[in-house]
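Q: I have not looked at this one before. Can you take me through it?

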Amino acid sequence: MWVTVEEEAALVARAEREKITVPNLLISSALSEAQETTNERRAAIAELMSLHNLLARSSNNINQLARQANATGEFPAEAREALKHLRSVAMRIDRTIEGLM
């Protein structure tokens, strides 16, 4: 197998970190089912970025509802749905993280 000088340096460095030979690193990496593909990793990163944006928007909504509750002394009806939505986002985050592990 032919690799560039940069690729060889990266392989050697990783093999040294894992305290194995380069051929062993290549074989174990190729045969490992635990490793995600580049596309799977990109999809997980995209999902986490989407969830980050969704969480930021949801947090803003929760803050507005809290201000309303503090001003009026009443728990806004929309707050229950907002909290339900926030829990679903948290569960999506958990699932995405579990998929990376």
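**Threonine 96 and onwards**

A: Start with threonine 96, which counts as buried at 12% relative accessibility. Keep in mind that this is a predicted model.

Q: Which helix is threonine 96 found in?
A: Threonine 96 is found in helix α4, which covers residues 77-100.

Q: And what does the side chain of threonine 96 reach?
A: The side chain of threonine 96 reaches the backbone oxygen of arginine 92, at 2.9 Å.

Q: Leaving aside neighbours within four places in sequence, what is threonine 96 in contact with?
A: With those neighbours left aside, threonine 96 is in contact with Ala44, Glu47, Leu48 and Leu51.

Q: Now serine 58. Buried or exposed?
A: Serine 58 is buried, because its relative accessible area is 6% and the cut-off for buried is under 20%. Serine 58 lies in helix α3, residues 38-72.

Q: What does serine 58 touch, not counting residues up to four places away in sequence?
A: On that count, serine 58 touches His85 and Leu86.

Q: Where does UniProt place the feature "domain: Bacterial mobilisation"?
A: The UniProt record, an unreviewed entry, places that feature at residues 55-95.

Q: How far apart are the end C-alpha atoms of residues 55-95?
A: The end C-alpha atoms of residues 55-95 lie 15 Å apart. The span is 90% helix and 0% strand.

Q: Different topic. What does the domain assignment give for the protein chain?
A: The assignment gives domain 1 at residues 1-32 and domain 2 at residues 36-100. The C-alpha centres of domain 1 and domain 2 lie 39 Å apart.

Q: At what angle do α1 and α2 pack?
A: The angle between α1 and α2 is about 85°, and their axes are 9 Å apart.

Q: Which residues make that contact?
A: From α1, the contact uses Leu11, Val12, Arg14, Ala15 and Glu18. From α2, Val22, Leu25 and Leu26 take part.

Q: So what do you call that arrangement of α1 and α2?
A: α1 and α2 are roughly perpendicular to each other, because angles of 65 to 115 degrees count as roughly perpendicular.

Q: What is found in the loop between α1 and α2?
A: Lysine 19 is found there, with α1 spanning 5-18 and α2 spanning 22-31. Lysine 19 has a positive phi of about 60° although it is not a glycine.

Q: Last one: is lysine 19 buried or exposed?
A: Lysine 19 counts as exposed, because its relative accessibility is 74% and the cut-off for exposed is over 50%.

Key: Residues are numbered from 1 along each chain as its sequence is written. This is a predicted model: local features need pLDDT of at least 70, side-chain atom pairs count only at pLDDT 80 or more; totals for chains, interfaces and linings use all residues. Side-chain values use heavy atoms; hydrogens and water are left out. Domain bounds come from an automatic or database domain assignment. Helices (H or I, at least four residues) and strands (E, at least two) are DSSP runs, numbered from the N terminus. Buried means under 20% relative accessible area, exposed over 50%, partly exposed in between (1.4 Å probe, protein chains only). Contact means heavy atoms within 4.5 Å. A polar contact is a pair of N or O atoms within 3.5 Å; within protein, one must be able to donate a hydrogen and the other to accept it, and residues adjacent in sequence count only if both atoms are side-chain atoms. UniProt positions are given in the numbering used here, feature names are shortened, and annotations may be inferred rather than shown by experiment. Axes are lines fitted to C-alpha atoms, for helices over the stretch in contact, and angles run from 0 to 180 degrees between N-to-C directions. Angles under 35 degrees count as roughly parallel, over 145 as roughly antiparallel, 65 to 115 as roughly perpendicular and the rest as oblique.
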